[in-house]
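Dear colleague,

I am handing over the structure we spoke about, and my notes on it follow below. Please read them with the model open beside you.

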Amino acid sequence: MSEPRVRRAEIAIEQSHVDRVYRRLGELRSQAEDMRAKGYEIGHGAQREAVFEQASMLFERDMMVFHANQTLQSLDAEYEGLVFGRLDHAAAEPVYVGRLGIRDSDFENLVTDWRAPAAAAFYQATAEAPMDVVRRRVIRCSGQQVLDVDDDVLMPESVPDDMPVVGEGALMAALGRARGERMRDIVATIQKEQDEVIRAPWRGVTEITGGPGTGKTAVALHRAAYLLYRYRRQLGGAGVLVVGPSGVFTSYISRVLPSMGETNVELRALGEVLDGMEATRHDPAPLASVKGSLRMRKVLLKAVRDTPPDAPTELRIVYKGEVLKLGTKELDKARKKVHSAGGPPNRSRVRAAETLLGLLADKAEQNAASGGPQLDRADVIQDLGERIDFHRFLVTWWPVLYPAQVLRWLGDDDRLARAAKNVLTSDEVGLLAESLRGDGDEWTVADVALLDEVRVLIGPPPKRRKRAQDIELDAEQTRDSDDPARLRTSRPAHYDEYSHIVVDESQDLSPMQWRMLGRRGGHASWTIVGDPVQSSWPDPVEAEQARTQAFGAKTKHRRYTLRTNYRNSAEIFDLAARVVAGRAADDEDLPNAVRTTGLEPEVRTTDAACRETAVHAAVKELLDAVDGTVGVICAMDRVPEVERWLAGQSEDRLKVVGSLDSKGLEYDAVALVEPTELITESLTGRRVLYVALTRATQQLTILASDDDWR
C-alpha cells in the first residue's frame, strides 16, 4: 500500500477513536448539567423545610452545584485537539494521551490526561530508553477532525508486521505553523528536557534558565498545570499566581492554562501585583534604576515617619481655666517617640494619643507646681482624652495614611531631600521628585513596588464595619453563583498565602519588585523563569540578594537550563547572537537554533525623512509574506508615533510594541525600527536589542538609519 493510502487509513482509525471520545464527552456534559439542575431543585425544596433540615439541604445543594460546575468548566474548556497522542506498547494495550482524562461508561480509559504518570512515556521515552513504547504517534486535530498523524518508532525490533509507520518531524511541523494572537500550549510536542522540568518536585524553588525560543515560558505554564493536577490538594486551595513582565505578555499567555483545563490560576503583570493597580507605563532607565534599588526602602521609611504636610504645628487646649500648649518642637518630639516604638502608623494612633495626653498632663502638673490648681494626673488624662477638640486635633495630626498619598508627598523636593539624605544623590532626588509630582492614578510599573512597600510600612487602614444586610447579600451571591471560583473562600486584599508562584522574565525584576513578590510567597513554592543575557536590570548582585530574601528559608533549590531554540530560524538567531556575543554574553550562554528557513534577515537603510514610508512598505511586505502575526518593535517612546503611522492598517494580526513590552512574545515576522534607539534607551541596551531581534519565527526586517547597533 502506498504511503498516502496508509496515511489516510491511519487517519481514519484515529478519527474513529476521536469520535468515540467526543461522544463520551457529550454524555459526561449532559450528566453534569443534570446534576446541577438537581442541585437547584434541592435548594428550592429546602426553603419549605425546618431550619435544621434547610441548612443541611442548602449545604448539599451548594456541594452538588459546585462539583457540577467544576466538571462543566473542565469539559467546556477550549481544547484545540482533545486527543493528541497514542502510545503502542510492546506488552500492553495502546494508550491515548490528551488534554483531559476521560473514561467510558465501563470505566475503561479512552484518554489519559497528559499529566498522569501513565502518559509520562509520551514525553520521556527515547530510542535509548524506550520505556516499553514501540510506536509513539502524534495526532494533529482541528476541533473534532483528525488532520494528520506522525509516528516515531522507539523499538524497531518489536514492530509487528501489521503496524504501519507514517510521517516524521511532528515537532518541526508544529514550529512552522503560523502564530496567532495568543500563545498555544505545547502538550503535543513537549520535549524530554522540557518534560523533566515540568514534572520536577513542587517544593522549594525550581529555576528555569535558557535563551530566547527555548520554551521557558511554555514549560513554566505547563508545570503549573501539572502541579495543580498532581498536587491539587496541597496547591489548589491556596492558589497559584503567575507573574509576567507586562499586560501585553499576560494577555498573550492567557489561553494556555485554560486550554489545559486550569482556569483558577491568577495571571498578573508586574504593574498589577498590587491590588487595584494596572500600571503599564515605564520610567526611563536611569529613573527606573533608582526606584527599583533597595535604597528606596530607607527613603520610604523616613517618608512614612515624616510629619504629614497638613498636620497642625501647635496644640492649644483649655483645661480648668489654664491653657495647655504644645509647640512644634514638642509635637515633633512626640511623633519621633511614637515611631520609635516600631508599630505601623495606621496602628499607632492610640499610642500617639497616649503620648500627647502624657505631654499635656506634664503641662498641667507644671502649672500646678507654679501655683495653679492641684490636679490628679490620671483625671487629667481621662478628661482630656474624652474631649472632642482633642480628638479633632488627633485625627489631623496623626491621620490615616494611604500609600498613594505618601508617595505623592515625595514630589516635594524638600520633603524628598529630607527622606533621601545620605541615601540618594541630588540628581537622583531631582529625577525622583519630578516623577512623583503627578496627579491621580498615573503610576508607572516601577511605582507599584514602591506603593506596596509603603502599604506595608504604614499598615492597613481601619476597617469599615460591614452591615448585616451586606454580609447576607454576599453569602447569597456566593450560593447562587455558577462560577466555582466564587464558591471557594474569597481572598482578602493583598493576599499573601499563595501555594505556588511562577515568575517569568525574572532577570528583569528590580530588588523592590522582588520584595513585593516575596510578600505574596511567604508560604509558596516557586518556579522562576529567566535568561541573564536578556536582563534589563543593571545591578544583578543587588537583585540576587533581594531574590534570595524573597524565597525565604526554602532549602530545596533546583536549576534547569534549556539549550535548544525552537522559535527562531538559525538565520535570524545568528544575527541576534552576533549583537551580544563577546559584549553582553559568552557563547555558552546562547542557545542552539535547530531550524533553518533559508531566509536571511533583511537590513534596510532609512532616514528620518522617509522612515514612515519605509515602515509602511516593510509591514505590507511582511503581512503578504506570512499567514500569522506581524510585530513592529521600536523604542518605548516611539510606540505612539509608529501606531499613528500604521493606524490605517486594518489587520488584526499586526501589533506595535515597545522594546520592553516585547519580552516573552513571538511573531511570524517582525519589523524592527531603529535598533540603535533600543540600545540607548536602556542601561543594558544590547541585551534589550537582543530580545527584540529574537521575537520572529520566520522573517525579520530591520529599518535602521545607522550601523552602530551592529
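Please keep in mind throughout that this is a predicted model. I begin with serine 662, which, leaving aside residues up to four places away in sequence, touches Ile633, Val657, Val691, Ala692 and Arg695. Serine 662 sits in the loop that runs between β19 (654–658) and β20 (667–673), and its relative accessible area is 0%, so it counts as buried, the cut-off being under 20%.

The other notes concern a stretch that the UniProt record, an unreviewed entry, annotates as "binding site", covering Gly210, Gly211, Pro212, Gly213, Thr214, Gly215, Lys216 and Thr217. Within that stretch, I looked at two residues.

Proline 212 is found in the loop between β7 (205–210) and α6 (216–230), and it is buried, with a relative accessible area of 1%. When its neighbours within four places in sequence are set aside, proline 212 has contacts that include Asp531, Gln534, Asn565, Arg567, Asn568 and Phe573, as well as Pro591, Tyr690, Thr694 and Arg695.

Not counting residues up to four places away in sequence, lysine 216 touches Ile208, Thr209, Gly210 and Gly211, together with Val529, Gly530, Asp531, Gln534 and Leu562.

Technical notes
Residues are numbered from 1 along each chain as its sequence is written. This is a predicted model: local features need pLDDT of at least 70, side-chain atom pairs count only at pLDDT 80 or more; totals for chains, interfaces and linings use all residues. Side-chain values use heavy atoms; hydrogens and water are left out. UniProt positions are given in the numbering used here, feature names are shortened, and annotations may be inferred rather than shown by experiment. Helices (H or I, at least four residues) and strands (E, at least two) are DSSP runs, numbered from the N terminus. Buried means under 20% relative accessible area, exposed over 50%, partly exposed in between (1.4 Å probe, protein chains only). Contact means heavy atoms within 4.5 Å.
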